[in-house]
There are 2 protein chains.
Amino acid sequence: MKEGPDIALLGSLIGDPARANILTALMSGKALTATELALEAGVTVQTASSHLKKLQDAHLLRQRKQGRHRYFTLADDDVGSVLEAMMGLAAKRGLLRTRTGPRDEALRKARVCYNHLAGDLGVAIYDGMVSQGYLAEADDDVSLTRDGEDFAEAFGIDLASLVKSRRPMCKSCLDWSSRRTHLAGSLGSALLNRFYKLGWAARVEGSRVVEFSASGERSLLAKFAIKAPAS
Amino acid sequence: MKEGPDIALLGSLIGDPARANILTALMSGKALTATELALEAGVTVQTASSHLKKLQDAHLLRQRKQGRHRYFTLADDDVGSVLEAMMGLAAKRGLLRTRTGPRDEALRKARVCYNHLAGDLGVAIYDGMVSQGYLAEADDDVSLTRDGEDFAEAFGIDLASLVKSRRPMCKSCLDWSSRRTHLAGSLGSALLNRFYKLGWAARVEGSRVVEFSASGERSLLAKFAIKAPAS
DNA sequence: TTCATGGTTCGATCCTAGTCGAAGCATTCG
DNA sequence: CGAATGCTTCGACTAGGATCGAACCATGAA
């Protein structure tokens, strides 16, 4: 009894609605200010501030000062992963939010997961890269093959700079919607940025949804040799 | 804002210390009665009962009546996975329980994860089976190869009966201690039972720790072609 | 300097949710 | 049929934590 790490503290942190909203909002990967988060969570700035302090103390959040603003982000990818996993379980148990709007469908198709692409399209890209031999799966880790390196460079990604960053280049992350794996890590976020740059996709303001243009989606499907278009 | 599944409800369920203790206790995979769980959680039977009700309402727990006893187990492997993931995050954030006894080391080496083997040895077995070509990894799924089927049958596992059970035969599960993958699913639990039967290992009463005998561990390492013995 | 904006800290309030005692069912055993 | 055990329900109590108003810092602009 009472073995292992303390799960209750973590749970209670996520368990408060206001904090859960804050964390969910930060899953978009954007750095948000305290006031923005307060609005998002539906509480006053004071309360949000106290929540943010608690989340920081538990090292779930990171704070960056910039001028007179303070930007908050999730501490790292691990926090995002756990949140996704919990969303998966919650979704499966039917603990869905009451209000499921039309946005929900868009969310399932393509959304930002902290800093990379998730949703059906994210999964499809991952599958495509594996079947093309660009990604190699070993154990729980994923790695880029030689072919994959060539592919990435040709696609306009500067691998050298990715290597320099400390965080792992390839990482797999589990979707809450499709319960399949998609690509995270610095390569995952680099790919997403590339999609933005190429004009294939754009963020929907104030949401995790990523919207692909018709031509952008076509290019994407072709580029990653995705057979069955994600319906 | 307020997109996606409701994480707060799930979090608050896990967030209460008593409930967290109950869930952690059930991670051992054993079916426990309400009174046992109350003792484990350090509360009276009445309170435990109310907690159990809530956990059941959220479909995190399953109840089996047997005579005048009511046995509780985790609803399924998914719940266990999320709990392990949360333990991983909590451990990394240094949110460890104050009391970390000598048991902790044993826990890291080999423990029961719901119904299969986790810890360093669990990971080693998984790695060994992959490198021997018994397990094939595709996407996030793992499957048994033909060679693997032969191996399992030869090891004394009745695959036919495993197939009949509805739950997937192979599944990967993430360790909170080593943060690597080990084998779950019906095959995972069948393997663990086989270890018990062969007298290689035994459960330490009232704990998740699995203790291997010296000869049992040797046999294990040999059987699964594990190179570097988990230190 | 003064003013304005963004955040935090303090204090008081309020309310939910955990807790247990006691009583109420259900099941099994003698 | 009692009697005993295992568990749930009910009711009352309490504490902890979320919440916000107000005051208090810090930074940047005029």
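This is a predicted model: local features need pLDDT of at least 70, side-chain atom pairs count only at pLDDT 80 or more; totals for chains, interfaces and linings use all residues.
**Helix H8 of chain A**
- H8(A) spans residues 146-154, and its buried residues are Gly148(A), Phe151(A) and Ala152(A).
- These three lie on the same side of H8(A), because the arc they cover around the axis is only 95°.
- Just after H8(A), Gly156(A) adopts a positive phi of about 100°.

**Aromatic pairs**
- Over all chains, the whole structure contains 18 aromatic pairs.
- One of them joins Phe151(A) and Phe224(A) edge-to-face, at 5.4 Å centre to centre and 75° between the planes.
- Phe151(A) belongs to helix H8 of chain A and Phe224(A) to the segment after helix H11, so this pair ties together parts 73 residues apart in sequence.
- Both Phe151(A) and Phe224(A) are buried.
- In chain B, Phe155(B) and Phe224(B) also form an edge-to-face pair, because their ring centres are 5.9 Å apart and their planes stand at 75°.
- Phe155(B) and Phe224(B) are both buried.
- Ring pairs also link a cluster in chain A, with Tyr134(A), Phe195(A) and Trp200(A) among its members.

**Packing of H3 and H4 in chain B**
- Helices H3(B) (residues 34-41) and H4(B) (residues 45-57) pack at about 105°, with axes 9 Å apart.
- That angle makes the two helices, H3(B) and H4(B), roughly perpendicular.
- Residues making the contact include Leu37(B) of H3(B) and Leu52(B) of H4(B).
- The contact residues comprise 6 nonpolar, 1 polar and no charged.

How values were computed: Residues are numbered from 1 along each chain as its sequence is written. Chains are lettered from A and ligands numbered from 1 in the order in which they are written. Side-chain values use heavy atoms; hydrogens and water are left out. Buried means under 20% relative accessible area, exposed over 50%, partly exposed in between (1.4 Å probe, protein chains only). Helices (H or I, at least four residues) and strands (E, at least two) are DSSP runs, numbered from the N terminus. The arc is that of the directions from the helix axis to the C-beta atoms. Axes are lines fitted to C-alpha atoms, for helices over the stretch in contact, and angles run from 0 to 180 degrees between N-to-C directions. Angles under 35 degrees count as roughly parallel, over 145 as roughly antiparallel, 65 to 115 as roughly perpendicular and the rest as oblique. Contact means heavy atoms within 4.5 Å. Ala, Val, Leu, Ile, Met, Phe, Trp, Tyr, Cys and Pro count as nonpolar, Asp, Glu, Lys and Arg as charged, and the others, Gly among them, as polar. Rings of Phe, Tyr and Trp (its six-membered ring) pair if their centres lie within 6.5 Å; planes under 30 degrees apart count as stacked, over 60 as edge-to-face and the rest as tilted.
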